[in-house]
Amino acid sequence: LRRELEAEKIAQSEDTTSLRKELEAEKIAHLEDTTNLRRELEAERIARSEDTASLRRELEAEKIAQSEDTTSLRKELEAEKIAHLEDTTNLRRELEAERIARSEDTASLRRELEA
């Protein structure tokens, strides 16, 4: 019985040692998995950060382009307003000249009629 008990103790000790080795291997594997997942997560964060930075640069470029377009359109509108004002001024001058010419014609016709 003592021999059997001693053999059982040895077997249990070997089983315990084997289980400890398995547990240690499992811990190491888990730690490696965790480390790999952390690296993947960090790489994903970096990629997202780069994407965000790229999108911000694109948005800023779009804002600048829109601002330039707006400025260009404002300049065109201002030029159009000036041209319209000049046309209006010219038409008023022509109308005034026409009125003066009619007035002079009317005065001339009155003088002829009176004569």
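Guide: Gladly! Keep in mind that this is a predicted model. Glu98 and Arg102 are separated by about one helical turn, because they are 4 residues apart in helix α1.

Visitor: What is the distance between the closest N and O atoms of Glu98 and Arg102?

Guide: Side chains of opposite charge can pair when their charged atoms come close. A salt bridge here requires nitrogen and carboxyl oxygen within 4 Å. Glu98 and Arg102 do form one, and their closest N and O atoms are apart by 3.7 Å.

Visitor: Does Arg102 count as buried or exposed?

Guide: The cut-off for exposed is over 50% relative accessible area. Glu98, at 39%, is partly exposed. Arg102 has 53% relative accessibility, so this residue counts as exposed.

Visitor: Which residue forms a salt bridge with Glu44?

Guide: Look 4 residues along helix α1 (residues 2-114), about one turn from Glu44, and you reach Arg48. The closest N and O atoms of the two are 3.4 Å apart. The salt-bridge partner of Glu44 is therefore, within the 4 Å limit, Arg48.

Visitor: What is the radius of gyration of the protein?

Guide: The protein has 1 helix and 0 strands. For 115 residues the globule rule gives 13 Å, and the protein is well over that, so it is more spread out than a compact globule. Along the principal axes, its C-alpha atoms fill a box of roughly 165 × 15 × 5 Å. The radius of gyration is 49 Å.

Conventions. Residues are numbered from 1 along each chain as its sequence is written. This is a predicted model: local features need pLDDT of at least 70, side-chain atom pairs count only at pLDDT 80 or more; totals for chains, interfaces and linings use all residues. Side-chain values use heavy atoms; hydrogens and water are left out. Helices (H or I, at least four residues) and strands (E, at least two) are DSSP runs, numbered from the N terminus. The radius of gyration is taken over C-alpha atoms; the globule rule is 2.2 Å times the number of residues to the power 0.38. A salt bridge is a side-chain nitrogen of Lys or Arg within 4 Å of a carboxyl oxygen of Asp or Glu. Buried means under 20% relative accessible area, exposed over 50%, partly exposed in between (1.4 Å probe, protein chains only).
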